Amino acid sequence: MLGGTSFVGRAVVEDALRTGADVTLFGRGRTGTDLFPGLTRLLGDRETDDYSVLGDGSWDAVVDVSGYVPRHVGRAMDALGDRVGRYLFISSNAVYRRSGVGPGADEDAPRRAPVRDTEELVEETYGPLKVACEDDVVSRYGSRATVVRPGKVAGPHDPSDMFTYWVRRAARGGRVALPGDPGQPVQIVDSRDLARLVVQLLVDDRPGAFNAVGPAEPVTLDGLIRTCARVAGTHVEIVPVSPEGVEPFFPLVRDNWPTQQRSSARSRAAGLSATPLEVTAADVLAWDRERGEPPLRSGFTPEEERTVLARHGDGQAGG
């Protein structure tokens with residue numbers, strides 16, 4: 001595991017251990033140091049190209065969950081060479097073109113042009129950098145390469161606030177400001193379902209690219225927020241508000257709907273499971289409360305939301 005103690009990698013390690021796999025962790029040793037005490041940990045640093053600890057040993061497969069730029073992937077492949085059987089790269093749905101693609105697009109949809117002249121990870125470069133990483137893995141390992149392209153991943157230990165924001169907000173109840181269309185489709189995948197897919201692909205030694213998207217049944221933003229409220233035992237009134245002045249990429253709000261309607265058929269056929277949205281929401285709610293509900297970096301603060309709602313009729317956000 002290149003990475004494996006934060007979020008997606010953590011879930012993959014847990015699922016791999018469930019199957020009885022022997023897992024080795026490679027990372028800087030800065031996060032999750034209390035996790036997986038029985039596993040071998042190899043310390044290195046992808047930012048400084050320190051892969052010296054990978055000079056010995058061989059593995060049936062490597063899962064690259066922390067490769068974001070071609071240098072990361074290239075240097076890791078140089079270090080591992082042919083001492084790995086399969087190289088599974090965790091990519092992203094961000095590799096796909098944003099225009100000219102309709103609902104239900106599969107893994108053969110056109111990708112964005114690869115980018116190799118920067119390592120700055122911003123919205124414009126994240127997907128194209130992942131495209132370059134994918135190309136390099138497939139070029140090096142051929143039929144021994146597997147690419148998994150998750151959509152928005154949700155679950156306990158999620159470092160982003162994209163799904164957690166709505167779980168926490170719905171749990172407060174009351175009038176909920178939504179700077180988007182309530183009918184917008186949303187695709188999230190539970191981190192544990194993603195992990196099971198990754199492990200199954202390795203067990204089956206399956207090559208190719210796979211869209212890891214969910215949930216099992218199509219859901220809209222309205223439906224997602226109401227599901228989160230139902231799980232928390234609260235009542236919400238969803239109030240569409242103007243997106244003017246709102247941060248770009250407000251949690252789960254997207255204006256390009258086909259990007260939230262990709263086909264998961266290939267992944268389902270390969271073993272992608274489907275945790276009910278209610279379960280994901282309940283588990284994230286419990287985890288968020290257990291960690292003390294720290295301030296979120298995305299979405300409205302309660303004060304901001306009250307101001308926005310005041311411009312859209314009487315009442316206040318639930319508290």
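Analyst: The model is a predicted one, and the part to look at is the packing of helix α2, residues 70-80, against helix α3, residues 123-141. The axes of α2 and α3 lie 8 Å apart and meet at an angle of about 20°, which makes the two helices roughly parallel, since angles under 35 degrees count as such. The crossing of α2 and α3 is right-handed. On the side of α2, the contact is made by Pro-70, Val-73, Gly-74, Met-77, Asp-78 and Leu-80, while α3 contributes Leu-129, Ala-132, Cys-133, Asp-136, Val-137, Arg-140 and Tyr-141.

Turning to the backbone, most residues other than glycine have a negative phi, and most peptide bonds are trans. Phe-36, in the loop between β1 (24-27) and β2 (40-43), has a positive phi near 50°, and with a relative accessibility of 12% Phe-36 counts as buried. Leu-252 also has a positive phi, near 70°; this residue sits in the loop between β12 (236-240) and α7 (265-270), and Leu-252 is buried, at 5% relative accessible area. Finally, the peptide bond that leads from Gly-214 to Pro-215 is cis, with omega near 0°, and Pro-215 belongs to the loop between β10 (208-212) and β11 (219-220).

How values were computed:
Residues numbered from 1 in each chain as written. Predicted model: local features only at pLDDT ≥ 70, side-chain atom pairs only at ≥ 80, totals over all residues. Heavy atoms only, no water. Helix = DSSP H or I, 4+ residues; strand = E, 2+ residues; numbered from the N terminus. Buried < 20%, exposed > 50% of the residue type's maximum accessible area, 1.4 Å probe, protein only. Axes fitted to C-alpha atoms, helices over the stretch in contact; angles between N-to-C directions. Parallel < 35°, antiparallel > 145°, perpendicular 65-115°, else oblique. Left-handed = near helix turned anticlockwise from the far one by under 90°. Contact = heavy atoms within 4.5 Å.
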